[in-house]
Amino acid sequence: LLNEIKVNLRVNNMVKPLAIDSRMSLLDALRERLALTGTKKGCDHGQCGACTVIIDGKRKLSCLTLAATCEGKEITTVEGLAKNGEMHDMQKAFVKHDGFQCGYCTPGQICSSVALLEEAKNGEASYVTEDLKNIKSGLKLSEEEIRERMSGNICRCGAYNNIVQAFKEVHSGDDVMPT
Ligand code: FES
Ligand code: FES
């Protein structure tokens, strides 16, 4: 390789040493070098959210992240969300509420949703003004706020309503009936 560098990627709690082109995106490193094809390539330039992964607890677009910048960071892909053979609550909720049709956007939607739960817990700044007060007083995100915060994840099949229902169920901790 012309610009080969060595990088240790910590993905789903395993460290993988790789020799890669310094210009390789994290998305390509995951899919083509680590065979973690759960993370999807939609647009490859930051517009669709299909490639969303979680890096050090924050959701990131792996197509816009250079793999070389990820040394020492904790990367979680959709493959790393299940524990001990059991799906993550968000994965279960997507199944229960039919939060997908073709499924192409789903790994990104789920990674984004899991990281959004943390954003909400940490009271991170909201987009919808009224929600700011709610979040600060430990209340749940409004539907408007959820939709705004998930707007970076495009679903060509239009499964948005069910995605929101899935998120709400896990976010509220209540067993909301499927709609
Ligand atoms: Fe990364 Fe579309 S593939 S945002
Ligand atoms: Fe098909 Fe979202 S389920 S793009």
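## Overall architecture

Among contacts in the protein chain between residues at least 6 apart in sequence, 53% join residues at least 24 apart, where two residues are in contact if their C-beta atoms, placed from the backbone, lie within 7 Å. The model is a predicted one, in which local features need pLDDT of at least 70 and side-chain atom pairs count only at pLDDT 80 or more, while totals for chains, interfaces and linings use all residues. Residues are numbered from 1 along each chain as its sequence is written, and chains are lettered from A and ligands numbered from 1 in the order in which they are written.

The protein chain has six helices and five strands, taken as DSSP runs numbered from the N terminus, with helices (H or I) of at least four residues and strands (E) of at least two. Along the sequence these elements follow the pattern β-β-α-β-β-β-α-α-α-α-α. Of the 179 residues in the protein chain, 40% are buried; a residue is buried if 20 or more other C-beta atoms lie within 10 Å of its own, exposed if 12 or fewer, and partly exposed in between.

## The sheet

The five strands form an open sheet in the order β2-β1-β5-β3-β4, with mixed pairing, two strands being paired if DSSP finds at least two bridges between them. The edge strands are β2 and β4, each of which pairs on one side only. Direction ignored, neighbouring strands of this sheet are turned by 40° against each other on average; axes are lines fitted to C-alpha atoms, for helices over the stretch in contact, and angles run from 0 to 180 degrees between N-to-C directions. Helix α3 packs on the sheet, touching β3 and β4, and its direction makes about 35° with that of β3.

Strand β3 (residues 52-55) runs antiparallel to strand β4 (residues 58-61) and is joined to it by four bridges, with Val53 having Lys60 as its bridge partner in β4. The hairpin of β3 and β4 has two residues between the strands, and Asp56 there takes a positive phi near 50°. Strands β3 and β5 are also antiparallel, joined by two bridges, and Ile54 has Thr76 as its bridge partner in β5.

## Loop residues

Asn12 lies in the loop between β1 and β2 and counts as partly exposed, with 17 C-beta neighbours inside 10 Å. Although Asn12 and Thr76 are 64 residues apart in sequence, their C-alpha atoms are 5.0 Å apart in space. Neighbours within four places in sequence aside, Asn12 is in contact with Thr76, Thr77, Glu79 and Gly80.

Asn13, in the loop between β1 (4-11) and β2 (14-21), has a positive phi near 70° and counts as exposed because 9 C-beta neighbours lie inside 10 Å. Asn84, in the loop between β5 (74-76) and α2 (89-96), has a positive phi near 50° and is exposed, with 4 other C-beta atoms within 10 Å.

## Packing of α3 and α6

The axes of helix α3 (residues 106-121) and helix α6 (residues 160-172) come within 11 Å and cross at roughly 40°. The two helices are therefore oblique to each other, given that angles under 35 degrees count as roughly parallel, over 145 as roughly antiparallel, 65 to 115 as roughly perpendicular and the rest as oblique. The crossing of α3 and α6 is right-handed, a term used if the near helix is turned clockwise from the far one by less than a right angle, anticlockwise being left-handed.

In this contact, Gln109, Ser113, Leu117 and Ala120 in α3 meet Ile163, Phe167, Val170 and His171 in α6. By class, the contact of α3 with α6 has five nonpolar, three polar and no charged residues, where Ala, Val, Leu, Ile, Met, Phe, Trp, Tyr, Cys and Pro count as nonpolar, Asp, Glu, Lys and Arg as charged, and the others, Gly among them, as polar.
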